[in-house]
Amino acid sequence: MTKRERSQKIFQEAKTLIPGGVNSPARAFGAVGGEPIVMARGKGACLFDVDDNCYIDYVLSWGPMILGHTHPQVTAVLEDAIHKGTSFGTPTENENRLAQLVISLVPSIEKIRLVNSGTEATMSAIRLARGYTGRNKIVKFIGNYHGHVDSLLVAAGSSAATLSVPNSPGVTAGTTGDTILLPYNDVSSFRSLFAQQGSEIAAIIVEPVAGNMGCVPGSLEFLQTLRKESQKTATILIFDEVMSGFRVARGGAQERFGIIPDLTTLGKVIGGGLPVGAYGGRTEIMDHVLPQGKVFQAGTLSGNPLATAAGIATLSEIANDPFFYDKLEQKTNFLADGLLELGRKNGVKLSVGRCGSMMTLFFPSDRDDVIIDWATASRCDTKRFARYFWNMLNRGIYLPCSQFETMFLSIAHSDEMLQQTLDAADQALRLDR
């Protein structure tokens, strides 16, 4: 599969119109070399590029398409909604319906505010935590990405690391001066900080399942420690579940690990493929948001009728199938276990980070067996990953274009597709021994 002439032509034009030719750096192929593929359409678990090549898709729009592309229930509600109007700037009943669905599924959320992206959600949650506590300092973890919010765009992993700008130009020292960085999954460092400064800290924000240094789940001890210590000092614990929400369990990572944060941020799956984010939590905290309280947050397109319709359809499909997550987990485990076996067969050292329907195939360094934080992730063999990526792409398997990103599975990935992926991986690993 090498015929991509039309894709190349369109991308060359894009570079004259858009910085780098992409509207998000995650879409660039900076970590693997070459040029990104221009896609034309999606169906189920497959993408088709403008040259009509077909790929089994493990990016899934970076997570949202948990039902697969153009799911009939989602497209049906969108067709109905678009004839009623695309934006009103007023309350709609579907905002209530989506809010009710999320509140019924996510353990920590009693009230919710809809926004337009995960970045908006984390930015708003941080502001709310500071407004509620009257404190300024926040804690984030190295390798966790919480959107391109100035105060959080430090040691953010993923595309920031890929492009060698872990601290972006334009982000001032003043904006990040109240952000405290700690290693992910490091209990002792966290306890030491909180023993000294806990009462000064407004919020801890964490990805309970990190997805931007590859898929790296938080250990149960680590997450339980965050909850226990934050309660002692009345510090707000924010679970950034923009990626893990509805991905690793029906109620997200907090349901899977049995840990209830004070605030939760959501995105991706909640919009069914359309731009939506949300933040929510205890009523006592959420009632500090304007107009109920004094913490300002607004958005012209928040609660957009198309986005809420797609979100309702997606979450309803999830909520109505009691075996949905069992099936997703089985697919992920089949693929992950198969890849590890292929590594052993071909004499290639591999490690798989996985949780729910999120997973990453790592090429770890000789000194690491598993990836537990940014230090171990950053030592992975990114050149070998790049070769693997292109070998897989040329066999019709579309993977995230960075060792530091996460693969996603959908309910539409069939057993045959998973086996086709393993067959392609077997050839790719054999070529690179």
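Helices α12 (residues 324–346) and α15 cross at roughly 20°, and their axes come within 10 Å of each other. That makes α12 roughly parallel to α15, since angles under 35 degrees count as roughly parallel, over 145 as roughly antiparallel, 65 to 115 as roughly perpendicular and the rest as oblique. Keep in mind that this is a predicted model, where local features need pLDDT of at least 70 and side-chain atom pairs count only at pLDDT 80 or more, while totals for chains, interfaces and linings use all residues. Residues are numbered from 1 along each chain as its sequence is written, and side-chain values use heavy atoms, with hydrogens and water left out.

**Helix pairs**

- A quick word on terms: helices (H or I, at least four residues) and strands (E, at least two) are DSSP runs, numbered from the N terminus.
- Axes are lines fitted to C-alpha atoms, for helices over the stretch in contact, and angles run from 0 to 180 degrees between N-to-C directions.
- On the α12 side, the residues meeting α15 include Phe334, Leu335, Leu339 and Leu342, and among their partners in α15 are Leu418, Leu422, Ala425 and Leu429; contact here means heavy atoms within 4.5 Å.
- This α12–α15 contact splits into eight nonpolar, five polar and four charged residues (Ala, Val, Leu, Ile, Met, Phe, Trp, Tyr, Cys and Pro count as nonpolar, Asp, Glu, Lys and Arg as charged, and the others, Gly among them, as polar).
- Helix α15 (residues 415–431) also packs against α14, at an angle of about 135° and with the axes 9 Å apart.
- That angle is why α14 and α15 are oblique to each other, and their crossing is right-handed.
- Tyr388, Asn391 and Met392 are what α14 brings to this pair, meeting Thr421, Ala424, Ala425, Ala428, Leu429 and Leu431 of α15.
- By class, the α14–α15 contact has seven nonpolar, two polar and no charged residues.
- Elsewhere, helix α2 (residues 72–82) and helix α11 (residues 305–319) pack at about 155°, with 9 Å between their axes.
- The two helices α2 and α11 are therefore roughly antiparallel, and the crossing is right-handed.
- Sorted by class, the α2–α11 contact holds 10 nonpolar, two polar and one charged residues.

**Cavities and a pocket**

- On a 1 Å grid over the protein atoms alone, a cavity is a set of points where a 1.4 Å probe fits but cannot get out, and a pocket is an open set with protein on both sides within 12 Å along at least five of seven lines; lining residues have an atom within 4 Å of a point.
- Grid points are joined across faces, edges and corners, and a volume is the space filled by probe spheres set on the points.
- Searching the whole structure turns up three cavities of 30 Å³ or more.
- The second largest cavity has a volume of about 70 Å³, and Phe385, Tyr388, Leu399 and Met407 are among the residues that line it.
- Both β14 (358–362) and α14 (382–393) supply at least two residues of that cavity's lining, which by class has six nonpolar, three polar and one charged residues.
- The second largest pocket has a volume of about 430 Å³.
- Of the 21 residues lining this pocket, Thr90, Pro91, Glu95, Ser302 and Gly303 lie nearest its centre.

- Most residues other than glycine have a negative phi, and most peptide bonds are trans.
- Leucine 290 and proline 291 are joined by a cis peptide bond, with omega at about 10°.
- Aspartate 52 is not a glycine, yet it has a positive phi of about 70°.

Definitions and conventions. Left-handed = near helix turned anticlockwise from the far one by under 90°.
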